Amino acid sequence: GPVVALVPAAGRGVRLGEPVPKAFVELGGRSMLRRAVDGLLGSGVVDTVVVIVPDALVEAARADLPDGVLVVVGGEERADSVRAGLAAAPDAALVLVHDAARALTPPSLIARVVAELQAGRTAVVPVLPVSDTIKTVDVLGTVTGTPPRSELRAVQTPQGFDADLLRRAYRDVNGDATDDAGLVERLGEQVRTIVGEPEAFKITTPWDLALARVLLGQAGP
Ligand code: C5P
């Protein structure tokens with residue numbers, strides 16, 4: 001069945017400090033959203049892309065994206081936006097959930113996630129080792145623990161799922177997860193990791209945006 005990629009971009013993206021919502025920030029002549037979508041289509045393994053945006057940005061997104069990309073309205077929380085995307089793709093067999101902020105994700109990584117699903121895995125996430133030591137802290141900033149770094153991974157997207165499993169996760173699990181695999185984990189299902197790519201980093205802060213522009217070989221916006 002079809003491989004469908006969801007791109008939830010219905011948040012405000014205030015951390016980047018740009019005047020437009022994060023997905024519409026321009027990076028080397030193309031919006032981050034457009035770059036993310038072009039990467040998915042360019043992987044050659046995605047049949048349909050569904051982009052989820054705020055109500056006010058539906059027309060802007062349609063104008064920015066190639067014909068054939070579905071644009072739907074998101075919800076209050078990220079989970080609501082993903083649910084809206086799933087509802088727009090009822091025939092999906094495999095679902096990728098990608099982040100527009102990972103605008104420089106190599107298409108080869110997207111293809112590797114799908115290959116892993118086609119090999120029979122039901123939940124797949126790209127990860128990289130962390131180089132910083134990571135600590136947990138309480139609300140006052142006092143350290144409460146130091147998880148062994150060797151057991152930690154930074155998680156990227158696209159995250160790939162058997163469509164029925166992801167639909168079940170979004171139906172049965174309440175509360176927030178910062179990623180989609182987190183909901184699948186709460187169902188007690190196994191999530192497999194594959195090796196991610198440095199270029200799939202999340203463009204979140206002005207520093208990240210500057211790095212992205214350097215990587216594209218352009219100094220300014
Ligand atoms: O805040 P965070 O970076 O984790 O958000 C991840 C993605 O979820 C962003 O691309 C954001 O646009 C999206 N999102 C959404 N709908 C919301 C909130 C966030 O699609 N209501």
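Predicted model: local features only at pLDDT ≥ 70, side-chain atom pairs only at ≥ 80, totals over all residues.
Local features need pLDDT of at least 70 and side-chain atom pairs count only at pLDDT 80 or more, while totals for chains, interfaces and linings use all residues. Residues are numbered from 1 along each chain as its sequence is written.

Helices (H or I, at least four residues) and strands (E, at least two) are DSSP runs, numbered from the N terminus. Helix H1 spans residues 32-42 and is mostly covered, with 9 of its 11 residues buried. A residue is called buried if 20 or more other C-beta atoms lie within 10 Å of its own, exposed if 12 or fewer, and partly exposed in between, with C-beta atoms placed from the backbone. The buried residues of H1 are Met32, Leu33, Arg34, Arg35, Ala36, Val37, Gly39, Leu40 and Leu41. Their cover includes strands E1 (3-8), E2 (26-27), E3 (30-31) and E4 (48-53), together with helices H2 (58-64) and H4 (107-118). After H1 comes Gly44, which has a positive phi, near 75°. Most residues other than glycine have a negative phi.

The largest nonpolar core contains 61 residues, and Val7, Leu33 and Val51 have the most contacts inside it. H1 gives the most to this core, with 6 residues. Such a core is a set of buried Ala, Val, Leu, Ile, Met, Phe, Trp, Tyr and Cys residues joined through C-beta atoms within 7 Å. Two residues are in contact if their C-beta atoms, placed from the backbone, lie within 7 Å. Residues up to four places away in sequence aside, Leu33 touches Val7, Ala9, Ala23, Phe24, Val51, Ala61, Asp64 and Ala100.

Strand E4 is largely enclosed by the rest of the structure, because 5 of its 6 residues are buried. Strands are taken to pair if DSSP finds at least two bridges between them. E4 pairs with E1 in the parallel sense over 5 bridges, and Ile52 in E4 is the bridge partner of Pro8. E4 also pairs in the parallel sense with strand E5 (residues 70-73), over 4 bridges; here Val71 in E5 is the bridge partner of Val51. E4, H2 and E5 form a right-handed β-α-β unit, meaning that, with the strands pointing away from the viewer, the path from the first strand over the helix to the second runs clockwise.

Around the ligand there are 16 residues, of which Pro8, Ala10, Gly11, Arg78 and Ser81 come nearest. A residue is near a molecule if its C-beta atom, placed from the backbone, lies within 6 Å of it. The shell has 6 nonpolar, 6 polar and 4 charged residues. Ala, Val, Leu, Ile, Met, Phe, Trp, Tyr, Cys and Pro count as nonpolar, Asp, Glu, Lys and Arg as charged, and the others, Gly among them, as polar.

Ile110 lies in helix H4 and is buried, with 28 other C-beta atoms within 10 Å. Apart from neighbours within four places in sequence, Ile110 contacts Gly39, Leu40, Ser43, Val45, Val46, Thr105 and Pro158. Pro158 is placed in the loop between strands E10 (153-155) and E11 (159-162), and a cis peptide bond with omega of about 10° joins Thr157 to Pro158.

Gln218, in the segment after helix H7 (206-215), is exposed, with 12 other C-beta atoms within 10 Å. The C-alpha atoms of Gln218 and Leu27 are separated by 9.1 Å, although these residues are 191 residues apart along the chain.
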